[in-house]
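Reader: Got a model with a ligand in it. Can we go through the site and then the backbone?

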Amino acid sequence: MNCKAVIFDLDGVICFTDKYHYQAWKALADRLGIYFDEVINNRLRGVSRMASLEIILERAEKSYTEEEKLAFAEEKNNTYRNLLKNMSPADLTDEVRETLEELRRRGYLLAIGSSSKNTRFILGQIGLATFFDAIADGTDITRSKPDPEVFQIAAQKLWMDPALCAVVEDAKAGIQAAKAAGMTALALHGDAENCGLEDCNLASFSSLLDIL
Ligand code: B16
Ligand code: MG
């Protein structure tokens, strides 16, 4: 594989903030009396906060104004950020940390490509605030995955040809985004696995070291 840079999704790949997203959306949905479960939650992976809210509101019995929706999104984000305060470097697995360090030793450029506006806060919590060569996140983009924008910006920040970038993703929307950006798409966990668009399924995070 001709690859010089690896762009990692954050939520569901580097760390498991997905359980906190679920808890925070569930609290909001329960308060509003809207049915929400883990299956619906899977559709939120890699999707922006407002687009996630729209998916949840598909089950609502009334419609809400834009102002109300913005307030709901803020309420969810406040709950989510409170949960993120519980995270620490212990939430980064040895496997992920050692694999990242080995990739760096082998000379790959390493970046984050996440839809989350909380990316830098999360990286700080798990001790990776200054580790990556570039970060492209929800604060850089106008369109979330499956649009390729976040990965294109990550490649630009690395000064790297997209064709030489591999993306590691847990969401089908992320695999679609990587392919649309002209990158190699590596699926790990989630609905990315066997979605039919990936170039390769990773058995584990550390199997990156065998594939690259
Ligand atoms: P925030 P990723 C995505 O992160 C999450 O998978 C998705 O569930 C979330 O809605 C999105 O970030 C926005 O997050 O509300 O923190 O801005 O998988 O692209 O790293
Ligand atoms: Mg993800």
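Author: We start with the ground rules, then the ligand, then the backbone.
Author: This is a predicted model, where local features need pLDDT of at least 70, side-chain atom pairs count only at pLDDT 80 or more, and totals for chains, interfaces and linings use all residues. Residues are numbered from 1 along each chain as its sequence is written, chains are lettered from A and ligands numbered from 1 in the order in which they are written, and side-chain values use heavy atoms, with hydrogens and water left out.

Reader: How many residues surround ligand 1, and which are the closest?
Author: 19 residues surround it. Asp-11, Val-47, Ser-116, Lys-117 and Asn-118 are the closest. Near means a heavy atom within 4 Å.

Reader: How does that shell divide by residue type?
Author: Four nonpolar, eight polar and seven charged. Ala, Val, Leu, Ile, Met, Phe, Trp, Tyr, Cys and Pro count as nonpolar, Asp, Glu, Lys and Arg as charged, and the others, Gly among them, as polar.

Reader: And which domains does the shell draw on?
Author: At least three residues come from each of domain 1 (5-15 + 89-211) and domain 2 (18-84). Those bounds come from an automatic or database domain assignment.

Reader: What lies 2.6 Å from a ligand 1 oxygen?
Author: An N or O atom in the side chain of Asp-11. A polar contact here is a pair of N or O atoms within 3.5 Å. A polar backbone atom of Lys-117 is 2.7 Å from a ligand 1 oxygen. For Leu-10, a backbone N or O atom lies 3.3 Å from one.

Reader: How much of ligand 1 does the protein bury?
Author: 98% of the 470 Å² that ligand 1 exposes when taken alone. Areas use the Shrake-Rupley method with a 1.4 Å probe.

Reader: Switching to backbone. Where's the cis peptide bond?
Author: Between Lys-145 and Pro-146, with omega about 20°.

Reader: What about the phi of Trp-159?
Author: It's near 55°, a positive value in a residue other than glycine.

Definitions and conventions:
A polar contact is a pair of N or O atoms within 3.5 Å; within protein, one must be able to donate a hydrogen and the other to accept it, and residues adjacent in sequence count only if both atoms are side-chain atoms.
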